[in-house]
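Please keep the viewer open beside them and look along as you read.

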Amino acid sequence: MIQRHIKLILYIAGGIMLLVGLQFIAPLPLLQAQKLVVTDSAGILFARHWGLLVACLGGLLIYSASHPECRTPVIVAVTIEKICLVGVLLMSLNDPALKPMQPVIVLDGVFVILFLIYLVGKKNDNSQIST
């Protein structure tokens with residue numbers, strides 16, 4: 001089922017991730033809009049870098065939507081990044097400074113589930129073909 005809709009899922013996930021790239025361009029207004037407080041230059045540097053990284057991964061997802069030959073490695077890389085981010089955020093649930101990041105847990109968690117279902121389904125399809 002997900003195999004049929006993976007292109008749309010990749011476009012949606014990639015588009016959302018590309019929007020995070022705005023944080024690279026204008027970190028302070030976007031952090032303030034999320035009610036995240038970063039005041040030191042190192043924190044702003046890391047926020048910008050994170051925005052750039054997420055935008056690059058989003059661009060790769062969009063690219064892989066129309067290039068199936070690179071889809072699996074891109075989805076694996078994005079899934080690993082999202083699992084790690086969700087894990088770190090879940091371990092930080094009691095930190096009041098990170099409370100605004102709770103929607104990220106839900107959204108990235110949904111993408112992780114969808115991507116894992118896709119990857120498992122793809123693996124099953126490939127093992128049935130080779131046997």
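1. Let me begin with helix 5, which has 21 residues and runs 30 Å from its first C-alpha to its last, close to the 30 Å expected at 1.5 Å a residue. The expected span here is 1.5 Å times one less than the number of residues. Helices (H or I, at least four residues) and strands (E, at least two) are DSSP runs, numbered from the N terminus. The buried residues of helix 5 include Arg71, Val74, Ile75, Val78, Glu81, Lys82, Leu85, Val86 and Leu89. For burial, I use under 20% relative accessible area for buried, over 50% for exposed and partly exposed in between, with a 1.4 Å probe and protein chains only.

2. A word on what we are looking at: this is a predicted model, in which local features need pLDDT of at least 70 and side-chain atom pairs count only at pLDDT 80 or more, while totals for chains, interfaces and linings use all residues. Residues are numbered from 1 along each chain as its sequence is written, and side-chain values use heavy atoms, with hydrogens and water left out.

3. Now the overall picture. The protein chain has six helices and zero strands, giving the order α-α-α-α-α-α from the N terminus on. Along the principal axes, its C-alpha atoms fill a box of roughly 55 × 30 × 20 Å. Of the 131 residues, 34% count as buried.

4. Among the buried residues of helix 4 are Ile44, Ala47, Gly51, Val54, Leu57, Gly58 and Leu61.

5. Which residues are linked in a network of salt bridges? They are Glu81, Lys82 and Asp108. A salt bridge here is a side-chain nitrogen of Lys or Arg within 4 Å of a carboxyl oxygen of Asp or Glu, and the whole structure has two of them. Aspartate 108 pairs with lysine 82, the closest N and O atoms being 3.1 Å apart. That pair links distant parts of the chain, with aspartate 108 in helix 6 (residues 102-130) and lysine 82 in helix 5 (residues 71-91), 26 residues apart. Lysine 82 also forms a salt bridge with glutamate 81, where the closest N and O atoms are 3.8 Å apart.

6. Lysine 82 counts as buried because its relative accessibility is 3%. Aspartate 108 is buried as well, with a relative accessible area of 7%, and glutamate 81 is also buried.

7. Phenylalanine 111 and phenylalanine 115 are stacked, at 6.1 Å centre to centre and 15° between the planes. The rule pairs rings of Phe, Tyr and Trp (its six-membered ring) if their centres lie within 6.5 Å; planes under 30 degrees apart count as stacked, over 60 as edge-to-face and the rest as tilted. The two residues are four apart in helix 6, about one turn of the helix. Both phenylalanine 111 and phenylalanine 115 are buried.

8. Lysine 35 deserves a glance at the backbone. Its phi is near 65°, a positive value in a residue other than glycine. Lysine 35 sits in the loop between helix 3 (27-33) and helix 4 (41-65). With a relative accessible area of 66%, lysine 35 is exposed.

9. Is methionine 17 buried or exposed? Methionine 17, found in helix 1, is buried, with a relative accessible area of 2%. Methionine 17 and leucine 61 are 44 residues apart in sequence and 9.0 Å apart in space, C-alpha to C-alpha. Arginine 4 also lies in helix 1 (residues 2-20), but arginine 4 is exposed, with a relative accessible area of 69%.
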